[in-house]
Amino acid sequence: MTDLRNRFLVIFPAYREDAVIIQSIKQFFQQTYPPAAFKVVVVADSMSEATNKELHELGADVLIPSYLNRSKAAALKLALKNYSGDGFDAAAILDADNIVDPDFLERVNEALANGAMAIQTHRVAKNYNTDLAYLDGIGEEINNAIFRQGHVNLGLPSALIGSGMVFNMEWFTQAMPKVHSMGEDKELEFLLLQDRIFIEYLPHVLVKDEKVHNRKDFSNQRKRWIASQWETFLFTFNRLGPIIRQGNLPLLDKFLQWSLPPRVILLGLLILWILLLQLIAPLRDTKWFFILIAYVSALFLAVPKKYYTTRTLRSVANLPFIFIAILRSFSSVNNANKTFIHTPHGIPDEDNRNRSAKNIQE
């Protein structure tokens, strides 16, 4: 436990998040960290006056944006414009649906005191109300194992994920004006790695994040993610020469990561390719079969043991539908990084019908 108390600006960008933001803010104000050492700011875009009033009564500052080209980056810039000169040491970025433990700031403060300038905490699923949400939670844990904990174990920076992020305020204030796309986390990653700043990963600091409930929202969300990844990949590709000459290994590793298609797409294409070879050249499919086994084994090893359940086996039956949903996302990805795409939050009542507590806990 350190005696140093960094001052935190905690930013919740929120667009039409009346269904979840109150619970998130109530939970956050249960922090054991000294109340005088942090300020909670909600960028309340298109939310009701009643919600904004309740947020204010809870103790949060509420900013009402007037920008026309909305994005998460625009919301973060608005918060910085109003508070960056108020002596804060770090900025914490959380989504409107995120729930954190009471010691969130205490643990993050310790990492900052030990020299961290950029931190990604451990985001986990908040809900398992549908099989899609359940699989989405597993997918996030695979990413945590490979691109966060795995990378840090190899001495490489963790990947960012869009929320549960904490940055040194001086660096963040200088970096955010350079961010313009809908994939602000990937742009921030590029800027951090360009500046040779290591991104720490805190596996024991949990941030509960709501997972999508239906295929339409899932497809729209992936459309936005794919578009931002593709744009950042092209942006980095155009600067690959200087990156190689400078020997920036973390940024080269990130470039390779951004070149990978979604896991489900890669898995589906491998299976389809093997089936095709069975028809046209059955003697040539052996090596691809072993590649498929190695790939599935790697994914299996990255899944936490708590997901080794019968529900996981049942949920896997949805993978073909997820494969198709992501393929559809590619068809309209061209303008997705220029258009604000909102993922609705709040668990619909119908999602919970006919689902026993036993089924959800499996």
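A charge sits over a ring here if NZ of Lys or CZ of Arg is within 6 Å of the ring centre and within 35 degrees of the ring normal. The views below come from a predicted model, in which local features need pLDDT of at least 70 and side-chain atom pairs count only at pLDDT 80 or more, while totals for chains, interfaces and linings use all residues. Residues are numbered from 1 along each chain as its sequence is written, and side-chain values use heavy atoms, with hydrogens and water left out.

**View 1. Two arginines over phenylalanine rings.**
Arg 239 sits over the face of Phe 235, 3.5 Å from the ring centre. Arg 7 does likewise with Phe 88, at 4.5 Å from the ring centre.

**View 2**
Helices (H or I, at least four residues) and strands (E, at least two) are DSSP runs, numbered from the N terminus. Two strands pair if DSSP finds at least two bridges between them. Eight strands make up an open sheet with mixed pairing, in the order E3-E2-E1-E4-E7-E6-E8-E5. At the edges stand strand E3 (61–63) and strand E5 (99–100), each with a single partner strand, so one side of each has no neighbour in the sheet. Elsewhere, strand E6 (residues 118–125) and strand E7 (residues 165–168) run antiparallel and are joined by three bridges. Look for Gln 120, which stands opposite Met 165 in E7.

**View 2. Strand E1, buried on both faces.**
For burial, the cut-offs are relative accessible areas: under 20% is buried, over 50% is exposed, and anything in between is partly exposed (1.4 Å probe, protein chains only). Eight of the eight residues of strand E1 (residues 8–15) are buried, so the rest of the structure largely encloses this strand. Phe 8, Val 10, Phe 12 and Ala 14 point one way, Leu 9, Ile 11, Pro 13 and Tyr 15 the other, and all are buried. E1 pairs with E2 in the parallel sense, over eight bridges. Within that pairing, Phe 12 has Val 42 of E2 as its bridge partner.

A pair of aromatic rings is described by the distance of the centres and the angle of the planes. Rings of Phe, Tyr and Trp (its six-membered ring) pair if their centres lie within 6.5 Å; planes under 30 degrees apart are stacked, over 60 edge-to-face, and the rest tilted. The count by this rule is 18 aromatic pairs. One of them joins Tyr 128 and Tyr 134 edge-to-face, at 5.4 Å centre to centre with 65° between the planes. Tyr 134 also pairs with Tyr 307: the centres are 5.6 Å apart and the planes are at 80°, so this pair is edge-to-face. Tyr 134 lies in helix H5 (residues 131–153) and Tyr 307 in the loop between helix H12 (286–302) and helix H13 (310–315), so the pair ties together parts 173 residues apart in sequence. Both Tyr 134 and Tyr 307 are buried; for Tyr 134 the relative accessible area is 1%. In another spot, ring pairs link Phe 12, Phe 28, Phe 29, Phe 38 and Phe 104 into a cluster.

H5 bends by about 35° at Asn 144. After H5 comes Gly 155, with a positive phi near 85°.

**View 3. Two loop residues with positive phi.**
Most residues other than glycine have a negative phi. Ser 46, in the loop between strand E2 (38–45) and helix H2 (49–58), has a positive phi near 60°. This serine is partly exposed, at 37% relative accessibility. Arg 196, in the loop between helix H7 (184–194) and strand E8 (199–209), also has a positive phi near 60°. Its relative accessibility is 49%, again partly exposed.

**View 4. Ser 259 and helix H11.**
Ser 259 lies in the loop between helix H10 (249–258) and helix H11 (263–280). Contact means heavy atoms within 4.5 Å. Beyond its neighbours within four places in sequence, Ser 259 is in contact with Gln 229 and Phe 233. In H11, the buried residues are Ile 265, Leu 267, Gly 268, Leu 270, Ile 274 and Leu 277.

Key:
The bend at a residue is the angle between axes fitted to the seven residues ending there and the seven starting there.
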